[in-house]
Amino acid sequence: MTAINVKGLYVSYFGNEAINNISFQTNTGTILGIIGPNGAGKSTLLKSLLSLIPTDRGVIEYYGKPVKETRNKIAYVPQRSDIDWDFPITVLDTVVIGTYPKLGLFKRPKQKDREWAYHCLEKVGMSDFGKRQIGELSGGQQQRVFLARALAQETEMLFLDEPFVGIDASSEQTIITILRELRNLGKTIVIVHHDLNKAASYFDEILLINKELVSYGKAQDVLKPNNITKAYSGQLSFLKELGVNLS
Amino acid sequence: MNLISFFDAIIQYSFLQKALVTSVMVGIICGVIGCFIILRGISLMGDAISHAVLPGVAVSYMFGINIFYGAVFTGLLTAIGIGYISQNSRIKHDTSIGIMFSAAFALGIILITIMQSSADLYHILFGNVLAVPVAEMWMTFIVGVIVLTTVFLFYKELLVTTFDPTIAATFGLPNKLIHYMLMILLTMTTVASLQTVGIILVVAMLITPAATAYLLTNKLWVMIMLSSGFGVTSSIVGVYYSYTYNLSSGSTIVLVATILFFIAFFFSPKQGILWKSIRARKHRSQLANN
């Protein structure tokens, strides 16, 4: 079944093209990696998929429906730096936020919502930290908490922006294990990832972009040298100009 | 004893009762709204809106309408103007705030001077809680009810849009609308505080009790409770000093709030300077002994 359908997507910032005619179709039960060099528009693509930024042209559909009707089907784990870490909120209450969309206006989270949030914290191995203030955690622990919040949303799709940046190896392992479990349950996972390391083992499918679509398909098919060269060509020639030896 | 004569005076004089009731309500409202202002990092915006209310107050006097309408109008107009300038040019937000609020304030001063009517500029700027009329006391009460009800009803939405606006947007929450809703509440709060602390010092009532509470807790709702508690304490003690020593009420209230802040700054169990240095010293001596 098609989970994500993107056709002819264009996005620009103040007239500068950021995403140029990108199309792809992903089935449910897939871990899709969005990969490309710096400035390739990976985060922009993810944000436009979430309709956090306006698109210029193109179609974005989830399960055959437009984004506005499917907001409650997608959970988002933003880059860690986007937040005020001194905010007076505990780890557990951060995860409880994940239950808000289901509650709707005027309703307060109840005991069962808090228990569900605690359960999600347990899943990411952070239940001992529930009472801590959110800024008292390490980078990897913070990322696990935000994954827990996304889990609390109980959505069909999960979008993560650079989840493995600046975190410890065991947190990375915990996160990828959980994502694989979700994939096996038929959920669709989209991950923006900046380096090619582990890309083949983490992702089922890869969308290799550099403003335009370079290649899309099964991970091992996309990660061919000619595709990589094409996507990273700008940076390669830049490195050559600096005299960096690539062989 | 001053304190006993103060209590006698409260029982005896209705103007003192009104002063206390009004300033206690202002302490609560400012304490609650202030928490969201400082957590969103828009303290300067609080200062701006409170000044921008002045031309609205003047125009309201001119047309003989309730100052409330004029104040909310110019306050909100300034908030929108500030957002418009910083979003549509390279001018940074704080610069845009500086341009717009000083312009509104300057305009207000001229309008008030031209009118030379019942509106006393000094009292609008610095507050005179001991002369608060019954009508204004009721207006403060109504504003209080509106502010507290709104915060209570939209607590979840205010929490998530303040803490993590990006996630709020993926939930489909209208960040901008909530921002302007908060600006309306802020303007209303400012108007309600005019008699008590005045335009110039209302920002202190908004941010000082909230900042004090911020040093003491890791939970938003506790912070809100503590903040309004500090606001109320400052108001009562401030009115006492204002009455007893015949001082400007705005100044005494704000200074009491500031003293509370410094007590928390030095002695807060988690964030206080004192305990931090004691903990650091203990840790060092432990390391030395091992």
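**Figure 1. Chain B against chain A.** Chain B and chain A bury about 2,500 Å² between them, 69% of it on carbon and sulfur atoms. Buried area here is the accessible area (1.4 Å probe) that two parts lose on being put together, summed over both. In chain B, the residues that lose the most area to chain A are B:Lys156, B:Phe163 and B:Phe171, together 31% of what that side buries. Chain B brings 25 residues to the contact and chain A brings 30 residues; contact means heavy atoms within 4.5 Å. This is a predicted model: local features need pLDDT of at least 70, side-chain atom pairs count only at pLDDT 80 or more, and totals for chains, interfaces and linings use all residues. Residues are numbered from 1 along each chain as its sequence is written, chains are lettered from A and ligands numbered from 1 in the order in which they are written, and side-chain values use heavy atoms, with hydrogens and water left out.

Figure 2. Between chain B and chain A the count is one salt bridge. B:Asp164 pairs with A:Arg149 in a salt bridge, the closest N and O atoms being 2.9 Å apart. The rule asks for a side-chain nitrogen of Lys or Arg within 4 Å of a carboxyl oxygen of Asp or Glu. Seven residue pairs are in polar contact across this interface (both at pLDDT 80 or more). A polar contact is a pair of N or O atoms within 3.5 Å; within protein, one must be able to donate a hydrogen and the other to accept it, and residues adjacent in sequence count only if both atoms are side-chain atoms.

Figure 3. Two or more residues each come from helix H7 (134-153), helix H8 (155-163), helix H9 (165-170) and helix H12 (220-245) of chain B. Helices (H or I, at least four residues) and strands (E, at least two) are DSSP runs, numbered from the N terminus. H8(B) gives the most to this side, with seven residues. By class, the side of chain B that touches chain A has 14 nonpolar, six polar and five charged residues. Ala, Val, Leu, Ile, Met, Phe, Trp, Tyr, Cys and Pro count as nonpolar, Asp, Glu, Lys and Arg as charged, and the others, Gly among them, as polar.

**Figure 4. A charged pair in chain B.** B:Lys156 and B:Glu157 meet through their side chains in a salt bridge (3.6 Å, N to O). B:Lys156 is buried, with a relative accessible area of 4%. B:Glu157 counts as buried at 7% relative accessibility. Buried means under 20% relative accessible area, exposed over 50%, partly exposed in between (1.4 Å probe, protein chains only).

**Figure 5. The largest nonpolar core.** This core has 159 residues, of which A:Tyr62, A:Phe159 and A:Leu179 touch the most other members. Its largest share, 13 residues, comes from helix H2 (residues 14-39) of chain B. Such a core is a set of buried Ala, Val, Leu, Ile, Met, Phe, Trp, Tyr and Cys residues joined through side-chain atoms within 4.5 Å. Beyond its neighbours within four places in sequence, A:Phe159 is in contact with residues including A:Ile4, A:Leu46, A:Tyr62, A:Ile74 and A:Val190.

**Figure 6. A:Arg183 and A:Asp204.** A:Arg183 forms a salt bridge with A:Asp204, the closest N and O atoms being 2.7 Å apart. A:Arg183 lies in helix H6 of chain A and A:Asp204 in the loop between H7 and strand S9 (205-210) of chain A, so the pair ties together parts that are 21 residues apart in sequence. A:Arg183 is buried at 18% relative accessibility, whereas A:Asp204 is partly exposed at 26%.

**Figure 7. A:Lys198 and A:Glu172.** These two residues form a salt bridge, the closest N and O atoms being 3.4 Å apart. A:Lys198 lies in the loop between strand S8 (188-193) and helix H7 (199-202) of chain A and A:Glu172 in helix H6 of chain A, so the pair ties together parts that are 26 residues apart in sequence. A:Lys198 is partly exposed at 48% relative accessibility. A:Glu172 is buried, at 11%.

**Figure 8. B:Ser23 in helix H2 of chain B.** B:Ser23 counts as buried, at 0% relative accessibility. Its side chain reaches the backbone oxygen of B:Leu20 at 3.2 Å.
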